[in-house]
Amino acid sequence: MHLALLCVVTVVMLGAGQSRFDRLGHEMICTCGCTQILLECNHLGCPVSPTMIDELQAQLTAGGTDVLVENWFVAKYGAIVLAAPIRGGFDNVAWIMPIAVFLLATLGTAAVVWMWRRRWLRLAGQGPVADDFGPVATGPIAPIDPQEAALRERIRRETEYR
């Protein structure tokens, strides 16, 4: 019970000490080329970050919402000013594609390994094997051609480590 209460309080208090200025300033990138977070730009003599920080302060003083302030910066500097892509519309691709590519690559690799294993077992003369993808195939096992068997044996002998 106490542990659950501690977890809830910790989660609630994570963002409690940050002002809007700090939060928005850490969601933007300095456009001088240093690629650092706006409020943490330590680029010596940076010509851009003081101006951007003043603009952020002015936008917040004017009473703009977080979305309006971010949209103002995007309109002035481009989407590159945002530290993370906007969630919504076509920008969801930036969040979904890396995960989708990883999953497809993993599934593709598993399929290739599964096919190689089945082929190896078939060529080794063990015939079809039962697996999770379907029932055991029935029917005669295709005999290996004697020339192919001799060629495989020659390859095995020539590539054997001595």
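Visitor: Leaving aside neighbours within four places in sequence, which residues is Val-69 in contact with?

Guide: Contact means heavy atoms within 4.5 Å. By that rule Val-69 touches Leu-24, Met-28, Leu-56, Gln-59, Leu-60 and Gly-64, once neighbours within four places in sequence are left aside. Before we go on, know your model. It is predicted: local features need pLDDT of at least 70, side-chain atom pairs count only at pLDDT 80 or more, and totals for chains, interfaces and linings use all residues. Residues are numbered from 1 along each chain as its sequence is written, and side-chain values use heavy atoms, with hydrogens and water left out.

Visitor: What does the secondary structure of the chain come to?

Guide: Helices (H or I, at least four residues) and strands (E, at least two) are DSSP runs, numbered from the N terminus. Here there are six helices and zero strands. Along the sequence the pattern reads α-α-α-α-α-α.

Visitor: How many residues has the largest nonpolar core?

Guide: First the general idea. In soluble globular proteins, nonpolar side chains tend to be buried together. Buried means under 20% relative accessible area, exposed over 50%, and partly exposed in between (1.4 Å probe, protein chains only). A nonpolar core is a set of buried Ala, Val, Leu, Ile, Met, Phe, Trp, Tyr and Cys residues joined through side-chain atoms within 4.5 Å. In this model the largest such core has 16 residues. Met-28, Cys-30, Leu-56, Val-69 and Phe-73 have the most contacts inside it. Two or more residues each come from α2 (20-25), α3 (49-61) and α4 (66-77). The largest share, three residues, is from α3.

Visitor: At what angle do α3 and α4 pack?

Guide: Axes are lines fitted to C-alpha atoms, for helices over the stretch in contact, and angles run from 0 to 180 degrees between N-to-C directions. For α3 and α4 the angle is about 140°, and the axes are 10 Å apart. Angles under 35 degrees count as roughly parallel, over 145 as roughly antiparallel, 65 to 115 as roughly perpendicular and the rest as oblique. Therefore α3 and α4 are oblique to each other.

Visitor: Which residues make the contact between α3 and α4?

Guide: From α3 come Met-52, Glu-55, Leu-56, Gln-59 and Leu-60. From α4 come Val-69, Trp-72, Phe-73, Lys-76 and Tyr-77.

Visitor: Is Glu-55 buried or exposed?

Guide: Glu-55 lies in helix α3. Its relative accessibility is 12%, so Glu-55 counts as buried. Past its neighbours within four places in sequence, Glu-55 is in contact with Trp-72, Phe-73, Lys-76 and Tyr-77.

Visitor: How many residues apart along the chain are Trp-72 and Glu-55?

Guide: They are 17 residues apart along the chain, yet their C-alpha atoms are separated by 9.8 Å. Trp-72 lies in helix α4. At 31% relative accessibility, Trp-72 counts as partly exposed.

Visitor: Where is Leu-39 placed?

Guide: Leu-39 is in the loop between α2 and α3. With 24% relative accessibility, Leu-39 counts as partly exposed. Leaving aside neighbours within four places in sequence, Leu-39 is in contact with Phe-21, Asp-22, Gly-25, His-26 and Ile-53.

Visitor: Which phi does Thr-35 have?

Guide: Most residues other than glycine have a negative phi. Thr-35 has a positive phi of about 55°, although it is not a glycine. Thr-35 is in the loop between α2 and α3. Thr-35 is exposed, at a relative accessible area of 64%.
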